[in-house]
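The sequence and structure come first.

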Amino acid sequence: MGIGAGAGVAAVGGVAVTARASSGPDSSTQGTTGSGSSLAFDPDAHTTLTTSVTGTDGTTHSVTYRFWKAITYVARPVDETYQSLNVSVPVEIDGRAVDASDAPILFANSVGGYMPSSVAGATGIGGGGMGGGAPGGGAPSGTPSASAAPSAPGANGNTNATGGALATNQLLALAAGYVVVEPGARGRTLKDSAGEYYGVAPAAIVDLKAAVRYVRANRGRIPGNTDRIVSAGTSAGGALSSLLGASGDSALYEPYLKELGAADASDAVFAAGAWCPITDLEHADGAYEWNWGGNAVQSTGKTADRTVSQQLKAQFAEYQAGLRLRGLNGFGPLTARNYDAYLLRQYLEPSATAYLAGLTDSARAAYLAANSFLTWDGRKATFTWDGFLAHVGARKKTAPAFDAFDLSTGENNLFGAGTTAARHFTAYGARNDTTGLSGRRVASDIPALLDLMNPMYHLLTERNPRRCKHWWIRLGTKDTDTSLTVSANLAAAAAGLGDDVNHLYYWDQGHGANTDPGDFIAWIAEVTGYRKR
Ligand code: DHB
């Protein structure tokens, strides 16, 4: 799909714009690539829109904003449908002028399921998500739909934190006077006419980095404070947001960014928000069995294969010990033996406590009557790990949850290559392959790809000094899309490096929940030190 203009003109698709042959007063400003003005943001190329935003307190606000649409963010795009971004800048809120020139920039991706996400067809803020020229949702052709088939935000009207019909974070950010950048990114199912998969790992993270670089390179032209970029995303998008946070300016991505003609600028972000991040993929099968191994699989009503589950669970014990992470609030070393106690103390009981404290007396009494695993002493909720697991009930995925023996998961597709739709990315998955993989080993390029996709690598191995230092992490306690340890480990890794980590679990919420979006918006002001002008 031909979005964007020809060489030398900042791409603006489908909107009535002031036509300009070159963009901005100084299109050769340092920070752009050698390709001249093609990556220069055109301040004039916007439409002005008005939208109504309902705040978390229920009040409604009229926000007039400038909207820049479908700006191609690399000089040599592979597919502009995905490699383009939208910018929204508030100019008037409830009739009062706002100046967002120094405001934080919410960089909200709408990736779901590691699928392609496009903002090119959006008619205003929050309209991005899957789609564009992408094949319809679900697994790629030739790959059976998986136990792991993700619910992708966006096209299906999912109301995830980012993307989706509500696009809550973006709208609230706009109404708070922030600049909102919504990047598209290539995703795993994209296939060219030669049958080559061009959106598999690491395409999505490379694209998001290129988009950050574009914003940074346009400092002074694009409204907002380019040193206060706050990334946000949900699920696969949460994984990518945390990866963006952890991997700022890592040299590992340089060749990929060069190939795309990404702007020559930093891709470090100031803060990262991650809702239910589906990350640490190569260790997620073990973590999943440690967490949900005793729970019945949703699709069968029975527990997963006991041998497979136990073997994977044993892998988690070894992995967790090797991480040498310490729990928050002085918990000490986190191991497979004490992680249940850690989750209860640090996250689950406080989450239930906050939930119950917020109920009316009668609603609380009804909840307690229906949930006898939980004890309420008038102040605090307590329960056992086994009681909690039984309360959550059936697990969403079978075993292994991520690297399926039959290559049927979305993650298998994520690690596809060339014309191969899906590959194994763990030694265990490869060893137990049922598709006829010769050698029963992962391909030689897989280890490097895993590092490119895993924030834990950048935090714990690279100890990346250019990572973000502020983390907002959220997860529903009933989310069985991955192990509850995944985001807790991410939080512990960042906190272990001295970063500021705000991590809560939402009581009884499932995958994609965002029940405190107003707090996230307030947190952005707090960590960036921003006051609306
Ligand atoms: C998503 C969900 C999954 O269960 C998964 O394995 C990958 C991504 C998602 O909702 O983005």
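## Aromatic pairs

Tyr 342 is buried, with a relative accessible area of 1%. The model is predicted. Tyr 347 has a relative accessibility of 2%, so this residue counts as buried too, the limit being under 20%.

A search of the whole structure finds 24 aromatic pairs. Tyr 342 and Tyr 347 form an edge-to-face pair, because their planes stand at 80 degrees and over 60 counts as edge-to-face. Their ring centres are 5.9 Å apart.

Phe 405 and Tyr 428 have ring centres 5.8 Å apart. Their planes are at 50 degrees, so this pair is tilted. Phe 405 lies in the loop between helix H9 (385–392) and H10, and Tyr 428 lies in helix H11 (residues 427–431). The pair therefore ties together parts that are 23 residues apart in sequence. Both Phe 405 and Tyr 428 are buried.

## The aromatic cluster

Tyr 342 and Tyr 347 also belong to one aromatic cluster. Other phenylalanine and tyrosine members include Phe 316, Phe 331, Tyr 339, Phe 373, Phe 383, Phe 388 and Tyr 505.

## Charges over rings

Two charged side chains sit over aromatic rings. The charged end of Lys 209 is 4.4 Å from the centre of the Tyr 253 ring. Arg 474 lies over the face of Trp 472, at 3.6 Å from the ring centre.

## A buried glutamate

Where does Glu 411 lie? Glu 411 is in helix H10 (residues 410–414). Its relative accessible area is 6%, so Glu 411 is buried.

Glu 411 and Glu 282 are 129 residues apart along the chain. Their C-alpha atoms are separated by 9.8 Å.

## Cavities

Rolling a probe the size of a water molecule over the atoms shows where empty space is left. The structure holds 4 cavities of 30 Å³ or more.

Which residues line the second largest cavity? The lining consists of Asp 280, His 283, Ala 284, Ala 287, Phe 316, Tyr 319, Thr 485, Val 486 and Asn 489. Helix H5 (281–292), helix H6 (306–323) and helix H14 (484–496) are the elements that give two or more residues to this lining. By type, the lining residues divide into 5 nonpolar, 3 polar and 1 charged.

Definitions and conventions:
Residues are numbered from 1 along each chain as its sequence is written. This is a predicted model: local features need pLDDT of at least 70, side-chain atom pairs count only at pLDDT 80 or more; totals for chains, interfaces and linings use all residues. Side-chain values use heavy atoms; hydrogens and water are left out. Helices (H or I, at least four residues) and strands (E, at least two) are DSSP runs, numbered from the N terminus. Buried means under 20% relative accessible area, exposed over 50%, partly exposed in between (1.4 Å probe, protein chains only). Rings of Phe, Tyr and Trp (its six-membered ring) pair if their centres lie within 6.5 Å; planes under 30 degrees apart count as stacked, over 60 as edge-to-face and the rest as tilted. A charge sits over a ring if NZ of Lys or CZ of Arg is within 6 Å of the ring centre and within 35 degrees of the ring normal. On a 1 Å grid over the protein atoms alone, a cavity is a set of points where a 1.4 Å probe fits but cannot get out, and a pocket is an open set with protein on both sides within 12 Å along at least five of seven lines; lining residues have an atom within 4 Å of a point. Grid points are joined across faces, edges and corners, and a volume is the space filled by probe spheres set on the points. Ala, Val, Leu, Ile, Met, Phe, Trp, Tyr, Cys and Pro count as nonpolar, Asp, Glu, Lys and Arg as charged, and the others, Gly among them, as polar.
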